[in-house]
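Me: I'm new to this one. Could you show me how to read what surrounds the ligands?

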Amino acid sequence: MISVQQAKQIIQDAALAPKIVKLPLSEAFGFTLAEDIIATVDIPNFAQSSMDGYAFKFADKDKPLSIIGEMAAGVANQLTIDTGQATRIFTGAPLPQGADTVIMQEKVAVENKLLTLQDDNLSFGLNVRPKGAEVKRGELAIAKETYLSAAALGFLAGIGCTHTHVYAAPKLAIILTGNELQEPGKPLEFGHVYEANSVILTAALHKAGINDITILRSDDNPETLTSVLKQALESNDVVLLNGGVSVGDYDYVVGATRACGVEQKFHKIKQKPGKPLFFGTKHDKLVFGLPGNPSSGLTCFYEYVLPALERSMHKQASVVVITATATHNYTKPAGLTHFLKAFYTEGKVTPLHAQESFRLHSFAQANCFIVLPEDSTGCTAGNTVEVHLLPL
Ligand SMILES: Nc1nc2c(c(=O)[nH]1)N[C@H]1C(S)=C(S)[C@@H](COP(=O)(O)OP(=O)(O)OC[C@H]3O[C@@H](n4cnc5c(N)ncnc54)[C@H](O)[C@@H]3O)O[C@H]1N2
Ligand code: MOO
């Protein structure tokens with residue numbers, strides 16, 4: 001068995017080749033930009049007022065000015081002012097030709113179309129957004145590797161982009177194994193369990209921005225599983241097998257991967273839960289054999305699968321590593337790294353009850369793992385422990 005650190009390194013070394021796809025901005029939220037974006041126009045495209053008020057020549061600031069017209073946002077025609085003249089102007093409107101400064105309407109007096117400026121703090125160019133102040137034509141507007149947040153997408157829209165190249169989400173198949181699995185909503189027959197792993201993994205994948213997911217099923221039969229895995233490998237970048245990865249007589253995952261030409265990179269990690277995790281590759285495709293116990297599978301997903309998917313999408317890791325003070329004692333034998341379902345708030349972290357792998361009750365209330373290293377025998381209240389905050 002290998003250590004948690006070795007397993008993570010092996011997965012990192014077998015990185016998925018990133019794929020690039022062109023998306024409309026409306027679909028690009030949460031992806032990472034795969035190209036430098038060069039501005040094709042100056043933004044703003046004209047000297048623009050940032051206030052509702054009056055536009056004038058700064059040199060005229062001490063004179064009464066005659067108001068010759070108005071500039072509103074979206075006006076079709078340009079006005080020109082001469083010395084001694086001003087226009088009414090509104091936020092977002094182009095400055096009239098010849099004007100260089102805008103005064104807020106709260107700081108003027110107007111009588112008989114004559115404007116008197118009453119602002120002691122006037123300066124040249126005040127309340128004017130110069131042409132190209134946001135970005136100039138030909139300039140790097142936003143760099144490759146930028147995360148496409150709402151603001152970044154708005155910025156791209158604001159400079160006239162409609163589509164952009166991003167690092168694509170991998171195409172992924174989930175294979176559910178087990179004769180005992182029953183669809184929720186149907187009566188439970190003797191020996192059956194409700195199938196939960198597809199719900200768990202689909203939700204966690206959607207959270208990561210991965211939506212191209214195929215769910216396949218196989219009963220506990222080596223030929224069927226091999227044929228389902230072969231089919232999954234043909235059209236997906238990543239395959240997540242569920243269950244059947246341990247040592248029982250009906251655990252056919254490892255055999256099926258071998259039969260499909262998957263190169264085994266490791267099987268079993270010194271950890272709890274999730275000890276039987278399998279990882280292999282076929283050319284540039286990744287294959288994970290997740291333990292069937294829902295809690296074990298999800299722990300492996302957050303610790304191993306998600307970081308690999310995020311790396312391929314050039315996204316920052318969404319599981320965030322911090323330290324915090326444990327509120328309670330927890331004991332464990334040395335030998336395995338433990339990932340405890342826990343709740344973190346304000347610098348303190350509490351291990352939850354019901355840590356058993358088959359149970360999701362504590363996981364359903366957890367927002368993090370406490371990570372107790374292989375050689376530790378637990379933690380004491382007041383100890384600083386490593387915490388992995390989960391993207392929920
Ligand atoms: N002799 C040994 N037995 C086991 C070992 C071991 O080292 N020696 N490891 C144990 C550990 S640790 C784990 S974890 C499990 C992993 O087992 P498998 O990956 O082979 O999973 P299954 O046996 O197929 O299922 C385990 C458990 O999970 C339930 N399950 C499976 N799929 C789903 C699903 N989609 N939704 C809900 N529940 C599911 C399944 O019914 C079982 O109860 O092996 C131990 N055994
Ligand atoms: O390690 Mo298994 O994942 O305990 O149940």
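Reply: Take ligand 2: one of its oxygen atoms lies 2.5 Å from a polar side-chain atom of Ser296. As background, this is a predicted model, where local features need pLDDT of at least 70 and side-chain atom pairs count only at pLDDT 80 or more, while totals for chains, interfaces and linings use all residues. Residues are numbered from 1 along each chain as its sequence is written, chains are lettered from A and ligands numbered from 1 in the order in which they are written, and side-chain values use heavy atoms, with hydrogens and water left out.

Me: Which backbone atoms lie by an oxygen atom of ligand 2?

Reply: A polar backbone atom of Gly274 is 2.5 Å from an oxygen atom of ligand 2, and a backbone N or O atom of Lys275 is 3.2 Å from one.

Me: Which residues surround ligand 2?

Reply: A residue is near a molecule if one of its heavy atoms lies within 4 Å of it. For ligand 2, that gives Pro273, Gly274, Lys275, Asn293, Ser296 and Ser357.

Me: And how many residues surround ligand 1?

Reply: There are 20, and the closest are Glu180, Glu195, Ala196, Gly244 and Gly292.

Me: What polar contacts does ligand 1 have?

Reply: A nitrogen atom of ligand 1 is 3.4 Å from a polar backbone atom of Asn197. One of its oxygen atoms is 3.2 Å from an N or O atom in the Asp251 side chain, and a backbone N or O atom of Asn293 lies 3.2 Å from an oxygen atom of ligand 1.

Me: Which elements give two or more residues to the shell around ligand 1?

Reply: Helices (H or I, at least four residues) and strands (E, at least two) are DSSP runs, numbered from the N terminus. Here they are strand 15 (193-194) and helix 6 (294-312).

Note on methods
A polar contact is a pair of N or O atoms within 3.5 Å; within protein, one must be able to donate a hydrogen and the other to accept it, and residues adjacent in sequence count only if both atoms are side-chain atoms.
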